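Work through these exercises on packing and ring geometry. Each task is followed by a worked solution.

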Amino acid sequence: RVAEGEAAARGRHFGYYADQYGDRSRDVPKVRYDRLQKFDADFADIGYALTWGFLSAPVAACNLVTAMDNSYLQFNQPYLVRHVLLDEALNAARKVVYLRGKAQALLGLGELSVLEANYETGRQNFHEALSLFTALANKQGEANTQLALGELDAREDNSTSARQHYERALDLYRVVGDELGEANTLRVLGDLDNVGTDLSAARKRYLEAQQLYQSISERLGQANTLLALGNIEMQEDSYEVAREHQESALLLFRDVRDKLGEAHTLRALGELDALQGNYALARARYDSALALYGSIPNRRGVANTLMDLGDVDMEEGQSKSAHQHYETALLLFEAIRDRLGEAQVRWRLGELACAQGDLNTASNQFTTVAGLLNSIGLAQDEAGVKAKVARVWLDQGKIVESITLLVEALTYFLEHGLAKDAQEIMDSYIDSYGLDHHWPEVTLTFRFARRG
């Protein structure tokens with residue numbers, strides 16, 4: 001009887017928390033920030049209650065874990081805690097053949113894998129989740145998984161596939177009437193436009209998303225969109241407007257206790273400070289962002305911030321410190337297979353080598369950059385890097401190789417209607433080397449380019 005009474009008490013204990021925090025799942029994706037402080041106070045007890053729930057009420061326990069993962073856990077607990085709880089939920093769902101719970105747990109584990117840069121595992125989890133949601137005719141789950149797959153493709157610089165997933169997610173969110181999902185998808189579509197330098201299209205997407213976020217009082221979404229709008233203003237040299245957006249975003253991120261968003265915003269403010277020549281403040285912002293990224297942990301954020309600190313070092317003439325920051329960032333970019341990040345930091349190491357007269361290292365770095373850009377389909381950037389390699393080779397006396405590569409780069413620009421870019425490259429060569437007066441092969445190249 002004592003055991004029965006204890007079991008009943010534990011059942012009531014679990015039921016209380018399931019009612020309090022398990023009332024929302026990925027089918028109702030709205031974060032309630034007003035309950036975060038209560039979550040803090042209750043979290044240890046919730047963990048204890050779940051040990052009973054997984055054994056005696058697995059469906060409710062699965063729903064509670066996935067509900068918490070989509071709100072409290074992702075902002076307030078280490079990745080390891082999330083892993084443990086989601087793995088428990090997945091095992092429980094498998095045992096009782098709770099397909100929706102299994103799909104939800106797989107989606108959560110996939111998102112966590114992506115954050116940890118385990119992209120292959122993340123993709124496998126997403127595809128398994130998508131198959132389950134499709135079989136269950138769960139359009140909300142399908143939409144959430146399509147969005148997650150798009151974000152993974154965007155991380156791996158596959159913008160075409162990312163856009164396809166986003167468009168599918170957008171259609172599904174509109175079918176089920178999920179305004180938050182619709183707003184999130186509009187925002188990431190804006191990110192794709194921004195990466196593609198279509199700032200007008202990006203701004204339009206962001207403003208559409210912001211209107212939806214405001215209509216449902218979604219502060220995290222508003223913060224992310226303000227940060228994105230600030231980045232556009234910064235690209236257009238509207239620094240004061242950019243700062244206003246970013247500082248508003250920072251307050252919102254802190255309000256909802258999103259450390260990752262806070263770190264991103266501190267980094268953006270640091271970039272703005274650096275652009276305006278306030279390097280001491282920029283360094284302080286970057287150091288704060290670095291500490292936040294490290295506490296999450298988020299290796300991509302750490303790598304990008306180390307690269308930013310290297311840039312500040314270069315501006316202040318501290319080339320040794322810059323080299324250390326860049327090399328550490330490179331190791332991280334390689335570890336998480338971020339090819340664009342690797343290309344960006346290798347470009348900086350190549351420029352640093354040029355400045356120090358180490359042309360062999362510079363040539364190797366720039367050549368690797370060109371290959372990385374080719375692998376992710378950034379042909380225009382690749383052509384620009386080839387022109388840079390050609391310049392280094394010319395300085396090394398590799399005249400024939402330099403001319404061949406220069407012609408290849410110029411041909412790309414001209415064939416794609418980028419005559420202005422070709423002209424700028426030619427002018428820089430003429431100014432630096434007086435090529436019109438030396439090698440007839442180069443003169444023919446210039447004539448070809450001008451005729452084009």
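A nonpolar core is a set of buried Ala, Val, Leu, Ile, Met, Phe, Trp, Tyr and Cys residues joined through side-chain atoms within 4.5 Å. Buried means under 20% relative accessible area, exposed over 50%, partly exposed in between (1.4 Å probe, protein chains only). The model is predicted: local features need pLDDT of at least 70, side-chain atom pairs count only at pLDDT 80 or more, and totals for chains, interfaces and linings use all residues. Numbering starts from 1 along each chain as its sequence is written, and side-chain values use heavy atoms, without hydrogens and water.

**Exercise 1.** Find the residues with the most contacts inside the largest nonpolar core.

*Solution.* Start with the size: this core has 42 residues. Next, pick out F14, I46, L50 and M68, which have the most contacts inside it. Then take M68. Beyond its neighbours within four places in sequence, M68 is in contact (heavy atoms within 4.5 Å) with F39, I46, L50, L73 and L85. Finally, note another core apart from this one, with 29 residues, including V385 and L418.

**Exercise 2.** Classify the ring pair F14 and W52.

*Solution.* Apply the rule: rings of Phe, Tyr and Trp (its six-membered ring) pair if their centres lie within 6.5 Å; planes under 30 degrees apart count as stacked, over 60 as edge-to-face and the rest as tilted. The centres of F14 and W52 are 5.7 Å apart, with 45° between the planes. The pair is tilted. Both residues are buried.

**Exercise 3.** Do likewise for Y412 and F413.

*Solution.* The centres are 5.9 Å apart and the planes stand at 75°, so this pair is edge-to-face. F413 is buried, at 4% relative accessible area.
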